[in-house]
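This briefing sets out selected computed features of one protein model.

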Amino acid sequence: MLSRTADHLYWMARYTERAENTVRMDVSYRMSMLPRANGEDRGNWSAILDISELSEAYALTGRPLSARDVIEFVLLDRDNLSSVWNCLRAARENAHAVRGKLTGEMWETTNATWLKIRDLTPEGLQDMDLGDFFEWVKFRSHLLRGVTVGTMFHDEAFQFSRLGTFLERADN
């Protein structure tokens, strides 16, 4: 197997796993909606940035530390290479580069996921239920992992894909 092919399979799986891990901030989002006795915002939005190692990048944007701005930065910011939007874009680009090594189901899952999110704007995100969006991203990640295990030969290509998933998971 060419190292370039292994690299694309590895990063396709890693970026998909990263997108899933990123939307696990749904716990912080849900906690922020609970009222506090003293009326303060319960969400600790800087914690989300710290956990994702994005505090410095966020500070450079000059945005205030508000729920809306942090959520937009982490989910859709085109300049944030770790945003869910960029992770799903990169996963699709890597899948496209090795399309001949993927099963049809793997390609369709990755491509359909990208086509659904690529035109999503911050305004469109505001119109959505964030919990539903978080669940959709997790579902798409689970779906890709399932079709990978269920439809791909368990050869070197499969192993590099799994390696990307598990290293990203370990890193988080």
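**Cavities, salt bridges and burial**

The lining of the second largest cavity comprises four nonpolar, five polar and two charged residues; here Ala, Val, Leu, Ile, Met, Phe, Trp, Tyr, Cys and Pro count as nonpolar, Asp, Glu, Lys and Arg as charged, and the others, Gly among them, as polar. The model is predicted: local features need pLDDT of at least 70 and side-chain atom pairs count only at pLDDT 80 or more, whereas totals for chains, interfaces and linings use all residues. Residues are numbered from 1 along each chain as its sequence is written, and side-chain values use heavy atoms, with hydrogens and water left out.

**Cavities**

- Two cavities of 30 Å³ or more are found in a search of the whole structure. On a 1 Å grid over the protein atoms alone, a cavity is a set of points where a 1.4 Å probe fits but cannot get out, and lining residues have an atom within 4 Å of a point. Grid points are joined across faces, edges and corners, and a volume is the space filled by probe spheres set on the points.
- The second largest cavity holds about 70 Å³ of space, and its lining consists of T16, L88, A91, R92, T109, T110, T113, W114, R140, S141 and L144.
- Helices α6, α7 and α9 each contribute at least two residues to the lining of the second largest cavity, and α7 gives the largest share, four residues. Helices are DSSP runs (H or I, at least four residues), numbered from the N terminus.
- At least two residues of the lining of the largest cavity come from each of α1, α9 and α10, and the lining divides into three nonpolar, five polar and three charged residues.

**Largest pocket**

- The largest pocket has a volume of about 510 Å³. A pocket is an open set of grid points with protein on both sides within 12 Å along at least five of seven lines.
- Seventeen residues line the largest pocket, and T22, I51, S52, E53 and N172 lie nearest its centre. Two or more lining residues come from each of α1, α3 (45–51) and α10.
- By class, the lining of the largest pocket contains six nonpolar, six polar and five charged residues.

**Salt bridges**

- There are twelve salt bridges in the structure, each being a side-chain nitrogen of Lys or Arg within 4 Å of a carboxyl oxygen of Asp or Glu.
- E168 and R18 pair through their side chains in a salt bridge (2.9 Å, N to O). E168 belongs to helix α10 (residues 156–171) and R18 to helix α1 (residues 3–22), so this pair ties together parts that are 150 residues apart in sequence. Both E168 and R18 are buried, where buried means under 20% relative accessible area, exposed over 50%, and partly exposed in between (1.4 Å probe, protein chains only).
- E20 and R145 form a salt bridge (3.2 Å, N to O). Because E20 lies in helix α1 and R145 in helix α9 (residues 130–151), the pair ties together parts that are 125 residues apart in sequence. E20 is buried at 3% relative accessibility, and R145 is buried at 19%.
- In the salt bridge between D77 and R63, the closest N and O atoms are 2.8 Å apart. D77 lies in the loop between α5 (67–75) and α6 (84–97) and R63 in the loop between α4 (55–61) and α5, so the pair ties together parts that are 14 residues apart in sequence. D77 is buried at 10% relative accessibility, whereas R63 is partly exposed at 29%.

**Helix α5 and selected residues**

- Helix α5 is largely enclosed by the rest of the structure, because seven of its nine residues are buried. These buried residues are D69, V70, I71, E72, F73, V74 and L75.
- T110 lies in helix α7 (residues 104–117) and is buried, with a relative accessible area of 6%.
- Leaving aside neighbours within four places in sequence, T110 is in contact (heavy atoms within 4.5 Å) with M12, A91, R92, A95 and L144.
- A57, in helix α4, is partly exposed at 36% relative accessibility.
- The C-alpha atoms of A57 and L81 are 9.9 Å apart in space, and the two residues are 24 residues apart in sequence.
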